[in-house]
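User: Hi! I'm new to reading protein models, could you walk me through this one?

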2 protein chains.
Amino acid sequence: MIFSKSCVYGLRAMIYLASISREGYVSIKGLSEKLDISFHFLTKILQELTGADLLESMKGPKGGVRLTKSGRCITLKEVVEAIDGPAIFTECVLGLPGCGSEKPCPMHDMWEGTRDEINEIFTTTSLQDMSKEGKAKDLRITPDGKFVWG
Amino acid sequence: MIFSKSCVYGLRAMIYLASISREGYVSIKGLSEKLDISFHFLTKILQELTGADLLESMKGPKGGVRLTKSGRCITLKEVVEAIDGPAIFTECVLGLPGCGSEKPCPMHDMWEGTRDEINEIFTTTSLQDMSKEGKAKDLRITPDGKFVWG
DNA sequence: TATATTTAAGATAAAATTGTCTTAAAACTT
DNA sequence: AAGTTTTAAGACAATTTTATCTTAAATATA
């Protein structure tokens, strides 16, 4: 798995949030049911995203979470970095500490181009891009179901 | 981390093995010391690679492991697949079961190209390519040290 | 044949990740 | 103000990954 499960759950939730109106808050309970993710686990993940200032939250009835910015302005990279950290965009395959152009490992050059491409694509793709994609093609964002919104 | 620690250890060991003569067996003890990997843990990983027919092993004095084929003929993909499985070369980012062109997720199209490129590069790069790279540039394969061989 | 060496295999332990549960704090509703 | 709803936070448990330890089996060597 390229990303941790937490990260995947976070991405699914964020893409969903980008697919609906940003007016008002969305309850995590409802989110967890729609996306079929454990409520408490999802809560923790979304707390990380709140801490990273990608979500804002509100307690109490009518409370929940919502994107801080338009989904158009939030990149996939921001979400991944907030949960899994920047390693996937920066590190070499052999995981040697400080591997870089100054002190490369044998696989450095071979991997560099692909890694840069991953970085590029996650930097230039927004949550809105993904939600539009899902909506337009009616793709699924849940294990069994379809892409869900509204 | 794009690959598991086991997989990274396996890659380091295989690249090292490809960098030395295939005459005779290399003891896992020696390998573990050179590469700075726990002996027992490395043993288990190499057993997987033996099971996958990428290594052959011999017990007793003068025993150890060696590549079954020339490092020129073993691809990085074979090593990764033997340890981490094929997911990285086939699966989509959102980890939805059975995601593919028939039943895609919103991130499917966006990721497909990069995933194919990863598959391509790991399929066409051999252990020998990496060992040559390391030898030629005197690159490191151990956390602190240099590329080690002989 | 006896002994030493080395991988194989499986039990056990430690650490990290994933998942659950409980309580507290905040905000809305009446 | 009281009660309800919801996120926040942290304790706890289960699972997976990583790492260690012990014993068995195979092989070479003397």
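User: Great, what should I know before starting?

Analyst: This is a predicted model, where local features need pLDDT of at least 70, side-chain atom pairs count only at pLDDT 80 or more, and totals for chains, interfaces and linings use all residues. Residues are numbered from 1 along each chain as its sequence is written, chains are lettered from A and ligands numbered from 1 in the order in which they are written, and side-chain values use heavy atoms, with hydrogens and water left out.

User: How many helices and strands does chain A have?

Analyst: Chain A has seven helices and two strands. Helices (H or I, at least four residues) and strands (E, at least two) are DSSP runs, numbered from the N terminus. Starting at the N terminus, the order in chain A is α-α-α-β-β-α-α-α-α.

User: What size of box do its C-alpha atoms fill?

Analyst: Along the principal axes, the C-alpha atoms of chain A fill roughly 55 × 30 × 25 Å.

User: Now the packing. How do α1(A) and α2(A) cross?

Analyst: Helix α1 (residues 5-19) of chain A and helix α2 (residues 28-35) of chain A have axes that come within 11 Å and cross at roughly 110°. Axes here are lines fitted to C-alpha atoms, for helices over the stretch in contact, and angles run from 0 to 180 degrees between N-to-C directions. So α1(A) and α2(A) are roughly perpendicular to each other. For that label, angles under 35 degrees count as roughly parallel, over 145 as roughly antiparallel, 65 to 115 as roughly perpendicular and the rest as oblique.

User: Which residues of α1(A) and α2(A) make the contact?

Analyst: On α1(A) they are A:Arg12, A:Ala13, A:Tyr16 and A:Leu17, and on α2(A) they are A:Leu31, A:Lys34 and A:Leu35. Contact means heavy atoms within 4.5 Å. By class, this contact has five nonpolar, no polar and two charged residues. Ala, Val, Leu, Ile, Met, Phe, Trp, Tyr, Cys and Pro count as nonpolar, Asp, Glu, Lys and Arg as charged, and the others, Gly among them, as polar.

User: And at what angle do α1(A) and α3(A) cross?

Analyst: Roughly 75°, with the axes of α1(A) and α3(A) coming within 10 Å. That makes α1(A) roughly perpendicular to α3(A). The contact joins A:Ser6, A:Tyr9, A:Gly10, A:Ala13 and A:Met14 of α1(A) to A:Phe41, A:Leu42, A:Ile45, A:Leu46 and A:Leu49 of α3(A). Its residues divide into eight nonpolar, two polar and no charged.

User: What lines the largest cavity?

Analyst: Its lining is A:Met1, A:Ile2, B:Ala87, B:Ile88, B:Glu91, B:Cys92, B:Val93 and B:Trp111. Those residues divide into seven nonpolar, no polar and one charged.

User: Which residues are closest to the centre of the largest pocket?

Analyst: Of the 14 lining residues, those are B:Ile28, B:Ser57, B:Met58, B:Gly64 and B:Val65. The largest share of the lining, five residues, comes from α3(B). By class, the lining of the largest pocket has five nonpolar, seven polar and two charged residues.

Notes
On a 1 Å grid over the protein atoms alone, a cavity is a set of points where a 1.4 Å probe fits but cannot get out, and a pocket is an open set with protein on both sides within 12 Å along at least five of seven lines; lining residues have an atom within 4 Å of a point.
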